[in-house]
Amino acid sequence: MKEVEVTVLRYDPEKDENSRFDSFNIEAKKNMTVLDSLFLIVEDQDPTLSFRCACRLGMCGSCGMLINGRGRLACRTKIEDLGEKVLVQPMRNQTVIKDLAVNMDKFFKNWEKVKPYFVPKEDTDEFSVIPPSSGRREIIDENQDCITCGLCYQSCDAVAIRGDDFIGPAALSRAYNLIADERDGARAERLDLVTEEDGAFGCHSFGACVEVCPKGIKPMVTIQKLKIKKLKKAIGLKW
Ligand code: FES
């Protein structure tokens with residue numbers, strides 16, 4: 001066990017005029033995660049500390065936070081990998097509900113904007129299967145595991161600069177998966193939708209989304225593929 005100082009940015013918009021940093025000393029056991037340390041603080045030192053989590057397994061995407069300056073899932077980040085001082089802040093680009101819990105409405109409104117659901121073609125069986133051996137699934141395989149944690153959105157400088165005028169990396173990546181699916185009846189409409197002013201061309205390729213994604217997805221790369229598809233469509237090439 002080693003003693004670690006966990007500093008948390010605190011803010012309750014209903015009570016506080018300004019945010020503040022509170023530090024807590026904890027005894028960190030081997031393999032303890034940042035999420036474990038927050039539970040320990042709530043149990044032993046300050047029951048008013050607020051944060052969000054559910055699965056504790058890196059699957060639900062609800063424990064995204066800024067940990068030592070980098071967007072990470074608290075349940076997948078071990079204290080021993082961070083040193084003796086840990087700084088925990090809420091995700092950027094979203095408003096704080098309280099302490100580390102943020103309002104993700106903006107993120108999910110953008111998700112909704114891209115029509116994030118499959119629209120079957122009239123002449124296609126909605127359940128038609130793409131055989132794994134065909135190679136066609138590989139086009140989207142690398143984007144499949146998105147858990148909508150919002151870490152890419154919070155790290156995105158285009159979102160920080162343009163706010164609601166940019167759809168953001170997660171939703172654009174989701175749109176690509178559907179556009180790349182030949183069975184989808186709304187791919188052309190969707191491609192036009194996500195390459196409007198607030199869409200793919202707003203990405204400046206900063207690449208922070210690629211660095212922070214806990215699932216190894218590369219939204220910046222996918223967004224470039226959307227741009228290429230749009231250009232091909234515009235000049236009448238197969239896209
Ligand atoms: S609690 Fe579900 S991803 Fe961390």
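Visitor: How many salt bridges does the structure hold?
Guide: The model, which is a predicted one, holds 16 salt bridges.

Visitor: What makes the pair of glutamate 5 and lysine 85 a salt bridge?
Guide: The cut-off is 4 Å between a side-chain nitrogen of Lys or Arg and a carboxyl oxygen of Asp or Glu. In the pair of glutamate 5 and lysine 85, the N to O distance is 3.3 Å. That value is within 4 Å, so the pair is called a salt bridge.

Visitor: Why can such side chains pair at all?
Guide: Side chains of opposite charge can do so when their charged atoms come close.

Visitor: What does the pair of glutamate 5 and lysine 85 tie together?
Guide: Glutamate 5 belongs to strand E1 (residues 2-10) and lysine 85 to strand E5 (residues 85-89), so the pair links parts that are 80 residues apart in sequence.

Visitor: Into which domains is the chain divided?
Guide: There is domain 1 (2-95) and domain 2 (105-234). Their C-alpha centres are 30 Å apart.

Visitor: How do you know that domain 1 and domain 2 are in contact?
Guide: Contact requires heavy atoms within 4.5 Å. By that rule, 15 residues of domain 1 are in contact with 18 residues of domain 2. The area buried between the two domains is about 1,200 Å², and carbon and sulfur atoms give 49% of it.

Visitor: How many salt bridges does the rule find across the interface of domain 1 and domain 2?
Guide: It finds 1 salt bridge there.

Visitor: What makes arginine 92 and aspartate 157 a salt bridge?
Guide: Their closest N and O atoms are 3.8 Å apart. The limit is 4 Å, so this pair also passes.

Visitor: Now the spaces. Why is a space called a cavity rather than a pocket?
Guide: A 1.4 Å probe fits in a cavity but cannot get out, whereas a pocket is open. The count comes to 3 cavities of 30 Å³ or more.

Visitor: What is known of the largest cavity?
Guide: Its volume is about 130 Å³. It is lined by 16 residues, and those closest to its centre are Cys146, Cys149, Cys152, Cys213 and Ile217. Helix H4 (151-155) and helix H6 (169-179) are the elements that give two or more residues to this lining.

Visitor: How do the residues of that lining divide by class?
Guide: The lining of the largest cavity has 11 nonpolar, 4 polar and 1 charged. Cys counts as nonpolar here, so the cysteines named above fall in that class.

Visitor: How much space lies in the second largest cavity?
Guide: The second largest cavity holds about 100 Å³. Of its 15 lining residues, Cys156, Cys203, Phe206, Gly207 and Cys209 are the closest to the centre. Helix H5 (157-162), helix H8 (208-212) and helix H9 (219-234) each supply at least two residues of the lining.

Visitor: Which residues lie nearest the centre of the largest pocket?
Guide: They are Arg136, Asn177, Ala180, Asp181 and Glu182, out of 18 lining residues. The pocket has a volume of about 410 Å³, and H6 gives the most to its lining, with 4 residues. By class, that lining has 7 nonpolar, 2 polar and 9 charged residues.

Terms used. Residues numbered from 1 in each chain as written. Predicted model: local features only at pLDDT ≥ 70, side-chain atom pairs only at ≥ 80, totals over all residues. Heavy atoms only, no water. 1 Å grid on protein atoms, 1.4 Å probe; cavity = no way out; pocket = protein on both sides within 12 Å on 5 of 7 lines; lining within 4 Å. Points joined across faces, edges and corners; volume = space filled by probe spheres on them. Domains from an automatic or database assignment. Buried area = accessible area lost by both parts, 1.4 Å probe.
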